[in-house]
Amino acid sequence: MTTSRLRPPEDRLVPVRPGWPDSTGHFGRFGGRFVPEALIAALDELTEAYVAMRVDPAFLTEFDRLQRDYTGRPSPVTEAARFAEHAGGARILLKREDLNHTGSHKINNVLGQALLTQRIGKKRVIAETGAGQHGVATATAAALMGLSCTVYMGEEDTRRQALNVARMRLLGAEVIPVTTGSRTLKDAINEAFRDWVTNVETTNYVFGTVAGPHPFPAMVRDFQRVIGDEARAQVLEREGRLPEAVLACVGGGSNAIGIFTAFVPDDGVRLVGLEAGGDGVDTGRHAATITGGTPGVLHGARSYLLQDENGQTIESHSISAGLDYPGVGPEHSYLHDIGRAEYRAVTDAEAMEAFALLCRTEGIIPAIESAHALAGALTLGRELGPDALLLVNLSGRGDKDVETASRWFGLGDREDVDPGPGLDTDQQATEGAVTSGDAVAATGAGDEL
Amino acid sequence: MSRLAEALDKARAEDRAALIPYVPVGYPSVPGSVAAMVAAVEAGADVVEVGFPYSDPGMDGPVIQQAVDVAVRAGVGMRDVLAAVEAVDSAGAVPVVMSYWNPIERYGVERFARDLSAAGGAGAITPDLIPDEAAEWLAASDEAGLDRVFLVAPSSTDARLRSTTAACRGFVYAASTMGVTGTRTTVSDAAERLVARTRAVAPDLAVCVGLGVSNGDQAAEVAAFADGVIVGSAFVRALLDAPDDRAAAAAAGRLAAELADGVRRGTGALA
């Protein structure tokens, strides 16, 4: 496949729209920098380095080489014809980020930020992680580039995700369990910022998603936009036309921004973000930040967030730890406000139905995060009717989710349960409800934030 | 005139630095925190930082996190914070709200300014709001005649020291070290350098130092070069160690007395 060559390396990181964000990191009323003054110098340094690097031929050549030789880019596009039989006749193309080294799109961003860390002369990186995918990707890049690496992870997650903790430690990273607040991803981010403000002279913060203070939302987007650049060229090459819609799951929103960006100027292409609806947005137990939240400030930027009447962050809920985040990247809030993208909520049960369906019809075990996008495609396909062409970002693979899925479907202890497409949805939901406490608690997902 | 500047002038007239304790509203309880603030005022605090407890206190170390976590879970809100402001005002010190930005934005910036002013508050310290993002707060605090305190740090460039101090009214908060709140065994040299750099660009603005001061000797050391000494984690530590509200208030009073003595010993640099 040669399509990734359509954009020469020197253009890879050039913004699709100038002034988006503006020079101080604002997407309309969203974004910006809401951080202690002590971090401003480091954010300025990072911004300056990034702005210089993204037009530096040596940096871009090295980034391109790593993406090709190490990650395995370009990732292919696969038509999911048997899966699409359940989508009202629409055709569904999958962008296969699950086939990247380390198993998700996270590596795209991490390689860029790790290279940048080397260029600014810092020897240590820190990262936050929910269930481990961004932590594993960061530990991987740190090993590759000889950087010392510390990953902050909520204590609950380190216990539940012992496998990913072991992966990070095998790769040479130090994993620090975070015992404050709700002991989840949002607290891991707080703790990583505390480390950064203390050790900023030696340390770079490799942020995992398109949230946080400027320049992270723009920089992470630019490192992830390769997904959409490739996919747009691949779809044009094989179909001779653009898709009706591009779909991706949204936690913090990096894989979604990654695939949306190339299509933003294509007014006829609908951009659809699927948020984690948990038990249902009306139950209050969800992580659908744009669908069910309000604008505010969290983790350094203004964006939609889940908050109570006192401005306290509300804990989110999702079967997918990678989407289980009460905030969202500011560019998504902006795309929502200007009507360029639409955001919908997918419940745990709907996501798991799509998860099972893809396994049984295509022989692909998706990440539960990505299964939210698949569920959104089934619904949108039925709305659009026959001949609609949908592009879905399959942002990660589901090996990490096998235990969660086994519990959800009652596999392992009940051989007679068939999680295939023939299974009645209500029955699945009931199965889930029986063990839902454990299933949610045992979330084996990665950070698709 | 700025009420904070007035309080700092008064301390300076007595040839000493001002003592500024921080207490989060709602720890150990709402009445317990108010009693601790009042006890600190009675023992010599000039200004009290009335803390709005927030779920994601990114600039705070473990001690303050532990206390505000309790307060957040108890549902402490703006009404409690404003009641504490009134109590500090009645006790004879100048109350200034210390809050991360989101609770203020959620409450409504203009509404906050109006209600804070009505409650007798002097203004607000906003640790995660830089002047660059503060247009709405600058306007609202001007309108309500409130002070506004932004932070400077050892990593701040001279250009940022200038722009940040230009946006401040009352005093500027000099974060003495690169790091989060918490007691430290020694006060960093960086604090004195930062105060000197800040004074050089803003000679008419009071500079108060926070982060790391926990006892009378450290207060005296900082008082030798700063206009005010801010003490947070040490107060919260005293509250955490107390078995009940009454003991917490007594402990806050004892610590304030020790620190008040310290800021009176640290003379020499203010002339």
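**Exercise 1.** Describe how helix H2 (residues 57-71) of chain A and helix H4 (residues 106-119) of chain A cross.

Solution. The axes of H2(A) and H4(A) come within 10 Å and cross at roughly 140°. Here axes are lines fitted to C-alpha atoms, for helices over the stretch in contact, and angles run from 0 to 180 degrees between N-to-C directions. Helices (H or I, at least four residues) and strands (E, at least two) are DSSP runs, numbered from the N terminus. H2(A) and H4(A) are therefore oblique to each other; angles under 35 degrees count as roughly parallel, over 145 as roughly antiparallel, 65 to 115 as roughly perpendicular and the rest as oblique. The crossing of H4(A) by H2(A) is right-handed, a crossing being left-handed if the near helix is turned anticlockwise from the far one by less than a right angle, and right-handed if clockwise.

From H2(A), the contact uses Phe59(A), Glu62(A), Phe63(A), Leu66(A), Gln67(A) and Thr71(A). H4(A) contributes Ile107(A), Asn108(A), Leu111(A), Gly112(A), Leu115(A) and Arg119(A). Two residues are in contact if their C-beta atoms, placed from the backbone, lie within 7 Å. By class, the contact of H2(A) with H4(A) has six nonpolar, four polar and two charged residues; Ala, Val, Leu, Ile, Met, Phe, Trp, Tyr, Cys and Pro count as nonpolar, Asp, Glu, Lys and Arg as charged, and the others, Gly among them, as polar.

The model is predicted: local features need pLDDT of at least 70, side-chain atom pairs count only at pLDDT 80 or more, and totals for chains, interfaces and linings use all residues. Residues are numbered from 1 along each chain as its sequence is written, and chains are lettered from A and ligands numbered from 1 in the order in which they are written.

**Exercise 2.** Give the strand order of the four-stranded open sheet in chain A and identify its edges.

Solution. The order is S7-S6-S5-S8 (chain A), with parallel pairing; two strands pair if DSSP finds at least two bridges between them. Strand S7 (174-178) and strand S8 (203-205) of chain A are the edges, each with a single partner strand, so one side of each has no neighbour in the sheet. From one strand to the next the twist averages 25°. Inside the sheet, S5 (residues 124-129) and S6 (residues 148-154) of chain A are joined in the parallel sense over six bridges, and Arg124(A) stands opposite Ser148(A) in S6(A). Helix H8 (residues 185-199) of chain A lies across S5, S6, S7 and S8 of chain A, at about 160° to S5(A).

**Exercise 3.** Repeat the analysis for the nine-stranded open sheet of chain B.

Solution. Its order is S5-S4-S3-S2-S1-S9-S8-S7-S6 (chain B), and the pairing is parallel. Strand S5 (147-149) and S6 of chain B are at the edges with a single partner strand each, so each has one side without a neighbour in the sheet. S6(B) pairs with strand S7 (residues 172-175) of chain B over two bridges, where Leu151(B) stands opposite Tyr173(B).

**Exercise 4.** Which elements of chain B supply at least two residues to the side that touches chain A?

Solution. In total, 34 residues of chain B are in contact with 27 residues of chain A. The elements are helix H3 (62-73), helix H5 (101-107), strand S6 (151-152) and helix H8 (158-167) of chain B. H5(B) gives the most, with six residues. This side of chain B has 16 nonpolar, ten polar and eight charged residues. The model scores ipTM 0.95 and pTM 0.92.
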